[in-house]
Amino acid sequence: MSVKLKVCGVTRPQDLAACAELGVDAVGINLWSGSRRGLTLAAAEALLAEVRPPPGLELVGVFVEPTAEEVRRAAEVLQLDLVQIVGAQEVTGFGLPYLWVVRGTPALAELRAPTPRPARALLDAAVPGYGGAGQTTDWGWAAAAVQRLAPLEVWLAGGITPANAALAIQQVRPAGLDVASGTELPGARRGEKDRAAIERLLAACRGD
Ligand SMILES: O=C(O)c1ccccc1N[C@@H]1O[C@H](COP(=O)(O)O)[C@@H](O)[C@H]1O
């Protein structure tokens, strides 16, 4: 089983280029000023002018409690493939293709994809600060959520690292992994990525 990989919170051209070169499936550009990985729209535009993701490398914009206008503008300026909107409430994509973020472990019996239908679901830990804290969610619950939401594609986020990625895949059976902290060396201050960590995550995703 081959699992996809999204590297989230890319801030530097060399990291974006490494993702493209290594065959990562998706990259996230974080547009929330509250994140240490956050870029202004102008900085994100400059990054993408330097390195444009090649066809096949999906570009995802990450937002926290945004207005519809902010999301639409960023999607247009950056030519985003998908938007990922994190909020206090369940948020859809303001009319754009979107990742449905499920934070924490809501009751499985009530877990239903919202309308309009998302491109996929993303299961993440409910952490203070909305995300990107390197904390795992409940993998037992996540495995059941993958089954419950089928045939919707479900990706796993939250505290995935090169060391636990293979086990996460084995236990949860997600279609993809979404990783921010686990692609960085300890102490990375602005989301600087570590090529070796990305290589190890890809190896786990490919079952090497
Ligand atoms: O990465 C962030 O700083 C962030 C901030 C606000 C919302 C979402 C954020 N990132 C998302 O959180 C997951 C899990 O991160 P981690 O691997 O546990 O550090 C990440 O994949 C992003 O999609």
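The questions and answers below concern a predicted model.

Me: Which residues of helix α5 are buried, and on how many faces of the helix do they lie?
Reply: Helix α5 spans residues 165-172, and its buried residues are A165, A168, I169 and V172. Viewed down the axis of α5, these residues fall within an arc of 100°. An α-helix has 3.6 residues a turn, so residues three or four places apart point the same way. The buried residues of α5 therefore line one face of the helix.

Me: What covers the buried residues of α5?
Reply: Both helices and strands take part. The strands include β7 (154-157) and β8 (176-179). The helices include α4 (139-149) and α6 (195-205).

Me: Which residue just after α5 takes a positive phi, and what is the value?
Reply: The buried residues of α5 include V172. Just after the helix comes R173, with a positive phi of about 60°.

Me: Which residues of helix α1 are buried, and what arc do they cover?
Reply: In α1, residues 13-22, the buried set is D15, L16, A18 and C19. These residues are on the same side of α1, because around the axis they cover an arc of only 160°.

Me: What covers the buried residues of α1, and which residue follows the helix?
Reply: The cover of the buried α1 residues includes the strands β1 (4-8) and β2 (26-30), and the helices α2 (41-50) and α6. α6 is also among the elements covering the buried residues of α5. α1 is followed by a residue with positive phi, near 90°, namely G23.

Me: How many residues surround the ligand, and how do they divide into nonpolar, polar and charged?
Reply: The ligand is surrounded by 26 residues, and the closest are S35, G131, G132, A180 and S181. At least two residues of this shell come from each of β2, β3 (58-64) and β8. By type, the shell has 11 nonpolar, 12 polar and 3 charged residues.

Me: Where is the cis peptide bond that joins T115 and P116, and what is its omega?
Reply: P116 is found in the loop between β5 (98-103) and β6 (120-124). The cis bond joining T115 to P116 has an omega of about -5°.

Me: Where is P151, and what is the omega of the peptide bond from A150 to P151?
Reply: P151 lies in the loop between α4 and β7. The peptide bond from A150 to P151 is cis, with omega near 10°.

Me: Is Q79 buried or exposed?
Reply: Q79 is in the loop between α3 (68-78) and β4 (82-86). Although not a glycine, Q79 has a positive phi of about 55°. Inside 10 Å, Q79 has 12 C-beta neighbours, so this residue counts as exposed.

Me: Is Y130 buried or exposed?
Reply: Y130, in the loop between β6 and α4, has a positive phi of about 75° although not a glycine. Its C-beta neighbours inside 10 Å number 20, so Y130 counts as buried.

Me: Which residues is Y130 in contact with, leaving aside its neighbours within four places in sequence?
Reply: Y130 and E65 are 65 residues apart along the chain, yet 9.6 Å separates their C-alpha atoms. With neighbours within four places in sequence left aside, the contacts of Y130 are V64 and V86.

Key. Residues numbered from 1 in each chain as written. Predicted model: local features only at pLDDT ≥ 70, side-chain atom pairs only at ≥ 80, totals over all residues. Helix = DSSP H or I, 4+ residues; strand = E, 2+ residues; numbered from the N terminus. Arc of directions from axis to C-beta. Contact = placed C-beta atoms within 7 Å. Near = placed C-beta within 6 Å. Nonpolar A, V, L, I, M, F, W, Y, C, P; charged D, E, K, R; others polar.
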